[in-house]
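Subject: Structure for you to look at

Hello,

Here is the structure I said I would pass on. My notes follow below it.

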Amino acid sequence: MRRLFPVTDETAAPAPGGASGGGAGREWSLDELAAAYAYPEPGPGGPAPWLRANMVSTLDGAAQHDGRSQPISSATDMRIFGTLRALADVVVVGAETVRKEGYRPARAREDFAAMREAAGQPPAPAIAVVTAGLDLDFSLPLFTSPLVPTLILTGASAAPDRVAAAERAGARVVTAGDGIGVDPARAVRALADLGHTRLLTEGGPRLLGQIVAAGVLDELCLTVAPMLTAGEAQRIAGGPAITVPHRFGLVSMLEEDGFLFTRYGRTRPAY
C-alpha cells in the first residue's frame, strides 16, 4: 500500500527493482487504516452527524458484476471495508442490497475492541435497513441474532403488520418519513437522535442516489478497481439526476495492485 495523496514524507516513488520507501512496500496495519479513515473530530457544539458512503466501481463505472460487488473487490478493499465498519456507529443499507448481498449482522472485531470501547461504542455497529415496504425475511440472523439490535428506517405509512413483524423479530423500527418512504435528511437526524453520529452507508446504488439527491452525503470513500466489465451494471448511485452536480474535494488516495482507494469530502452541511 502506498499513499498517493496528500503527498507526505511517506509518499515514495518505487525504487529500481520495485522497492519503495514509506508504507508502499508493506501491508498497512489496521491501526494505520483506522487513522487514515478517521471521522472528523467533534466541534465545540459536540458530535454532529457525518455520513460517509463506501462504494467500489470498475474503470468503466460498474458498481456490480452479476448483481454483486464482491467480484470487483480485493483483499485490501475488504480490509478497508471492515475498518470503515469498525469506525462507524451504524451502517445504513437499502433493503434491496440486504436481499441481494445476503447481509448479516456486523461482527465484533477484537482488533478494534479497545478503540470502540474508548469511543463509547458498542462492540459492533448497528445495521440500519432503509425500506418502504419492509419486504424482508425477519427470520434471518440480521434480525434474530445481531450483537446490536438491527434498525428499520421506514415511513410513517408503513404497513402496521410488517412493522409488528419487524418488532417481534427484535428490530427497532424508526420513522424517518411522513409517507411510505424514507427522507434521507430525516433519517440522518433520527439516527443522530439515537446517538449515532458516525454514519456509514454501503448503498446500494438506489439508496446512494437518494442520499446524494437529498444533499446529505458528507464523504465518499470510493475504491476504483482496475477492471473493465462492460455490460449494463448499475453505477454507484442511481435515480433521477440532480439539478446542479455536487462538488467534492479529494481528501486522500491510496494505491495497491492497481486499486485506488479514494476519499472525497465536502463542507459539513447544516442538518
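F138 is buried, and F143 is too; buried means under 20% relative accessible area, with a 1.4 Å probe and protein chains only. They form an edge-to-face aromatic pair, 5.0 Å centre to centre with 75° between the planes. Rings of Phe, Tyr and Trp (its six-membered ring) pair if their centres lie within 6.5 Å; planes under 30 degrees apart count as stacked, over 60 as edge-to-face and the rest as tilted.

This is a predicted model, where local features need pLDDT of at least 70 and side-chain atom pairs count only at pLDDT 80 or more, while totals for chains, interfaces and linings use all residues. Residues are numbered from 1 along each chain as its sequence is written, and side-chain values use heavy atoms, leaving out hydrogens and water.

F138 and F143 are also among the residues with the most contacts inside the largest nonpolar core, which has 45 residues. Such a core is a set of buried Ala, Val, Leu, Ile, Met, Phe, Trp, Tyr and Cys residues joined through side-chain atoms within 4.5 Å. A second, separate core of 29 residues includes A63 and F248.

F259 and F261 form a stacked pair, 6.3 Å centre to centre and 10° between the planes. Both are buried.

Strand β10 covers residues 259–265 and is largely enclosed by the rest of the structure, because 5 of its 7 residues are buried. Strands here are DSSP runs (E, at least two residues), numbered from the N terminus. F261 in β10 is the bridge partner of T223 and of L254.

Regards

Definitions and conventions: Buried < 20%, exposed > 50% of the residue type's maximum accessible area, 1.4 Å probe, protein only. Helix = DSSP H or I, 4+ residues; strand = E, 2+ residues; numbered from the N terminus. Pairing = 2+ DSSP bridges.
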